[in-house]
Amino acid sequence: MTVTSKAIDFSEFDLVIIGGGCAGLSLTLALLQYNYAGKVLVIERREQYEHDRTWSGWFSQSDLALLTNLSMQTFPGWSISDARHCYCHTSTSHPYYSISSEHFYSYAIQKIHASSNVQLLTGAALSVNDLSAITHSHIIDTVGLGIEITRPRYGLWQSFVGVMVSSSSVLFDVNTQSHATLMSDMSQDENGFYFTYIIPQNPHQALVEVTYFTSKSLTRDYLTERSTHAAQRLVQTKITPSLNDITITAIEYGHLPMWDVVSHQTPRSQTHHHITLAGNISGALRSSSGYGFATIQRWANQTGKALSHTDKLSTKPLLHTRHYSRWVQWMDNILLVVLVRYPKLSSTIFLRMANRLTGSEFAQFMSHRAPLRIWLKVIMAMPKWAFIKAVWWSWLD
Ligand SMILES: Cc1cc2nc3c(=O)[nH]c(=O)nc-3n(C[C@H](O)[C@H](O)[C@H](O)COP(=O)(O)OP(=O)(O)OC[C@H]3O[C@@H](n4cnc5c(N)ncnc54)[C@H](O)[C@@H]3O)c2cc1C
């Protein structure tokens, strides 16, 4: 069912959140946690929530403040490899986490149902024209209605299909079950740089994802085929079960921008002074990695707290500054210039970084909590000429 704005009486809501995905539901959780007193409407296009992604990354306890009691997996070890090198990290202080969207959605929906001031309207797709009907409420737009993003010269798509494969045979023993394969079989073909990502779910199940950093629009079918092949290879390497011994239980598709989307988006034609962008469209994804979950959690926590402590709904606490510092953004942009101009260096860059840093340092770097010392280690490990030239190319751009 598609609900048009005419069917909704927006006037009774203080806050309207467009898009009940990661950012929309995380903000809702924060508002509930901080006892926001106003009335909230979350508008979500999909009729029903199903598992559609797995959020992983190095999360601090404060990143997970809104998600207490949510079940998640923890991996104290991870690896990065190509055909000739393999670097394994361990860090019990900074483990890699993995959260199923299925669990996250039902966790948030349960809390919403138990609340008296938040309403979740599913099966309702808003369009940019509907914004003019929302005259009194503050709007958090996690969709970017009416906004287009354009890929700049030094931007790539991170494109992948993750297949959730199950096998009756044991794929992971006790040790390998707590080990995430972040980048394996790193290589290059006519579509760009690619690698395989494997997250064990239990001894019989794993998320297997062939991921491309590419300038092309690769089809979902092609990516599914690539990931299915990788899953079959994974199964073949274990206890030699037959190729038919796998079942694909879920598929997740990603086509994420690896560039600063805030600087490369067309402005909305209609302006609305009570509107704030959030989530991916607000630049929450880190350009160099495509990770955004932890950043969205931090934003949701801060914004929910600020709104709940504001007597009168003011736009001030919502006027969000950029998610990443200028330094992080500049360095990520230089890396993107190198990946675009010297794609053959891609695996060297990630291998050298993994080789030079300890597990904890790597985790801090990836979750943009690295002190200068770690940045210097990364800079020293990089192929110098390519990066010096990249600075030059980025100035010319
Ligand atoms: C498959 C996949 C895997 C990812 N894995 C990771 C990961 O491991 N780690 C990490 O840090 N990041 C990951 N990301 C990146 C990022 O964390 C996610 O994209 C995150 O979900 C972004 O949150 P969001 O709220 O901006 O968008 P979404 O979560 O996509 O939410 C947007 C919501 O808006 C709804 N919607 C769309 N149009 C309308 C409309 N017109 N009206 C109303 N509702 C609408 C959508 O149905 C959706 O529910 C992944 C992304 C994808 C796609």
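Which helix is Asp 332 found in? Asp 332 sits in α5, which covers residues 326-341; helices here are DSSP runs of H or I with at least four residues, strands are E runs of at least two, and both are numbered from the N terminus. Before going further, note that this is a predicted model, in which local features need pLDDT of at least 70, side-chain atom pairs count only at pLDDT 80 or more, and totals for chains, interfaces and linings use all residues. Residues are numbered from 1 along each chain as its sequence is written, and side-chain values use heavy atoms, with hydrogens and water left out.

Asp 332 has a relative accessible area of 5%, so it counts as buried (buried is under 20%, exposed over 50%, partly exposed in between, with a 1.4 Å probe and protein chains only). Its side chain makes a polar contact of 2.8 Å with the side chain of Arg 286. A polar contact is a pair of N or O atoms within 3.5 Å; within protein, one must be able to donate a hydrogen and the other to accept it, and residues adjacent in sequence count only if both atoms are side-chain atoms. Setting aside neighbours within four places in sequence, Asp 332 is in contact with Arg 286, Ser 287 and Ser 288, where contact means heavy atoms within 4.5 Å.

Now zoom out. The chain splits into domain 1 (10-75 + 100-151 + 260-308), domain 2 (156-258) and domain 3 (327-396), with bounds that come from an automatic or database domain assignment. The centres of domain 2 and domain 3, taken over C-alpha atoms, are 25 Å apart. Eight residues from domain 2 and ten residues from domain 3 take part in the contact between them.

Next comes the ligand. Domain 1 and domain 2 both give residues to the shell around the ligand, so it lies between them. That shell has 32 residues, and the closest are Glu 44, Arg 46, Ser 56, Asn 280 and Gly 292; a residue is near a molecule if one of its heavy atoms lies within 4 Å of it. By type, the shell holds 16 nonpolar, ten polar and six charged residues. Here Ala, Val, Leu, Ile, Met, Phe, Trp, Tyr, Cys and Pro count as nonpolar, Asp, Glu, Lys and Arg as charged, and the others, Gly among them, as polar.

One of its nitrogen atoms is 3.1 Å from a polar backbone atom of Arg 45, and a backbone N or O atom of Leu 126 lies 2.9 Å from a ligand nitrogen. On the oxygen side, a ligand oxygen is 3.1 Å from a polar backbone atom of Thr 54. The elements giving two or more residues to the shell are α1 (22-33), β3 (54-57), β14 (246-258) and α4 (293-308). The largest share, four residues, comes from β14.

Some loops are worth a stop as well. Lys 238 is in the one between α3 (220-237) and β14. Its C-alpha atom is 5.9 Å from that of Leu 171, although the two are 67 residues apart along the chain. Asn 35, in the loop between α1 and β2 (40-43), has a positive phi near 55 degrees. With 62% relative accessibility, Asn 35 counts as exposed. His 368, in the loop between α7 (359-366) and α8 (372-381), also has a positive phi, near 40 degrees. At 23% relative accessibility, His 368 counts as partly exposed.
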